[in-house]
Each structure stands twice: as structure tokens, then as C-alpha cells.
Amino acid sequence: APHSGLSGWRPHSDTLHLLIKEHRERNKVTPTLETKLCTKFCFSYEKLPLMMKIEVFEEVLKITKGEDLADILYQKSPSAEVWFERRKNYILSHAVMSMVGYILGLGDRHPSNIMMDRKTGNLIHCDFGECFDVSRDREKYPEKVPFRLTRMMQKAMEVTGIHGTYTLTCNDVMEVLRTNENSILAVLETFVYDPLINWRLVEDLVEEGGQHLEGRHNEININKKAVEILQKVKKKLTGYDDITDRYLDVKDQVQSLIKQATATENLCQLYMGWCPFW
């Protein structure tokens, strides 16, 4: 069926949102502290011009610590050895999904769409409904970041932050992805020509005058969009940077992506439900 899928139960795992919420409630901290502070500084944050958003965003970050995730990893570990292992797994899994998610254009990475395995510390992503850069191309609240790398995610990496194991792993993963470009594109190409695939995510792009196109013409348009998406993935796998309009080597490409993911001007434009302050 075109609108059906499979789901599986992931044992001993919780979403980051639930973990942070419970941690704050135990410590008598309001779960939505940053949002309330933001509202205190201005009545309608989302309607502010960019420069004012940046100012408010940075002020809220100064007032709050953002160490919740780091505290959770430490406090829930029975020993230093277990804590070190879980932290390592957290960093490695986060780096892998950052690069893979970027290539696939995976968006909507708010804390309820990322889970953590309580035993291993591995991050597990769910809800792949907004892939192929759909969230970056939407008209309202387009996502400016290639993946989630907020302050809280960085602080959970402890001393080295993003400059140690995380970046090194990102480099290795991107190297593997780019080396196997043909294999990845071959797998994705089957989605373009498979008649059973319904490109639900991009169907709204082939509507005219509010009425959905029917029949063969509709199929051609959707297929054309699928080919465009495949070309976009191919550019990413060859190191193309749409900001500088040039092709980068692996290390420069990773650094550019990390810079975009951590830029205040990008994070402050995300909708509140994405929890950019976290």
C-alpha cells in the first residue's frame, strides 16, 4: 500500500526530549525554561528581524547552562568506565548520523525524533518523514542547519567538544560515503524509477492552481522531481558547497557543515518546537 510502512519497538530507549524533561523536573527546573525566557525578553520572538533574533537567542544562552544531556550521561552511568563508554558511543553515533543525515537531506531533527539507548548511549533516529531536504525547502520555518548540533549536544561531548572524536569520525564517515558514491546513488536511483514508489513528500510541488495533476502528466512531474533530488544527493557526495558555490575536499566539507549547524544566525530562525536552545 502506498501510504503504509513498518514500525519496530526499540527497547530501553527514550527520546532526548523525555530525558531532558525528566532531568529538569527532578532538579526543579522548568522544562521550557529557554522558551519562557525568550518570551520574557520579547512578546513575539518569531516576528523579530534576524539581528534582533540573534541578540535575544544569545542572551538566553548566556543565562542558561545547557548541560542537561551531559549530566544525564554522567548521572545514569554506574561507573566511570561505563560513562566513558557511553559518551564515546554517543559521539560516534551522533557523528555517523550527522553525515548520513546530511547526504539524505534528513530534517525535523527535534529532540522527540532522536532517542538515546539507556544501556549503550547510542543515538537512534526516528521519523524519516522529512528527507531529501524537504524541511530546508519549505516556505514556512525552513531549516537552515544540515543536522542537529546544538549547544546541549556539544556539551555532552565533554572536554574536546566537536573538535575531537566527533570531527574525526565525521571526516571518516564522509570519506566512506564519497568513496562509495556510485553504490549509494545506485540504491537511490531505484526509488526514481520504481513505479510502486509514491513521492508523497514532493507531491505538493507538482500541483497547479491548488488542483493536483492527474495521470501520466503527474507521474512525469513527480519523476522529474525525483531525478532532481538524486542530482542534489550526487552533488553532496562530490563535495559541492551551495554556500560558496564550489567543490570542497572531505575535511573542508565537514568543517563547512559543522559551521552551518552551529551558527547562531541559523539556529535562531528555527521554530520553537525544534528546541534550538537545547
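Good morning. The structure before you is a predicted model, in which local features need pLDDT of at least 70 and side-chain atom pairs count only at pLDDT 80 or more, whereas totals for chains, interfaces and linings use all residues. Residues are numbered from 1 along each chain as its sequence is written, and side-chain values use heavy atoms, with hydrogens and water left out.

Let me begin with the whole chain. Its secondary structure consists of twelve helices and seven strands; helices (H or I, at least four residues) and strands (E, at least two) are DSSP runs, numbered from the N terminus. The chain has 278 residues, and 45% of them are buried. Here, buried means under 20% relative accessible area, exposed means over 50%, and partly exposed lies in between, with a 1.4 Å probe and protein chains only. The accessible surface comes to about 15,600 Å², and carbon and sulfur atoms hold 55% of that surface. These areas come from the Shrake-Rupley method with a 1.4 Å probe, and for residues only the protein chains shown count as cover.

A contact means heavy atoms within 4.5 Å.

I turn now to a pair of helices. Helix 8, residues 165–179, packs against helix 11, residues 250–262, at an angle of about 120°, and their axes are 9 Å apart. Helix 8 is therefore oblique to helix 11. Axes are lines fitted to C-alpha atoms, for helices over the stretch in contact, and angles run from 0 to 180 degrees between N-to-C directions. Angles under 35 degrees count as roughly parallel, over 145 as roughly antiparallel, 65 to 115 as roughly perpendicular, and the rest as oblique. Helix 8 contributes residues including Tyr166, Cys170 and Met174 to the contact, while helix 11 contributes residues including Val250, Val254 and Ile258. By type, the contact residues divide into seven nonpolar, four polar and three charged. In this count Ala, Val, Leu, Ile, Met, Phe, Trp, Tyr, Cys and Pro are nonpolar, Asp, Glu, Lys and Arg are charged, and the others, Gly among them, are polar.

Helix 8 also holds Thr169. Because its relative accessible area is 11%, Thr169 is buried. Leaving out residues up to four places away in sequence, Thr169 touches Leu92, Ala95 and Val96.

Asn89 is in helix 5, residues 80–104. Is Asn89 buried or exposed? Its relative accessibility is 16%, so Asn89 counts as buried. Gly121 is 32 residues from Asn89 in sequence, yet their C-alpha atoms are 5.7 Å apart.

Next comes Phe277, in the segment after helix 12 (264–267). With 3% relative accessibility, Phe277 counts as buried. Beyond its neighbours within four places in sequence, Phe277 contacts several residues, among them Glu34, Phe57 and Arg151.

Finally, consider two backbone angles. Most residues other than glycine have a negative phi. Tyr141, in the loop between helix 6 (134–137) and helix 7 (151–155), has a positive phi near 50°. Glu158, in the loop between helix 7 and helix 8, has a positive phi near 65°. Tyr141 is partly exposed, at 27% relative accessible area, and Glu158 is partly exposed, at 28%. Thank you.
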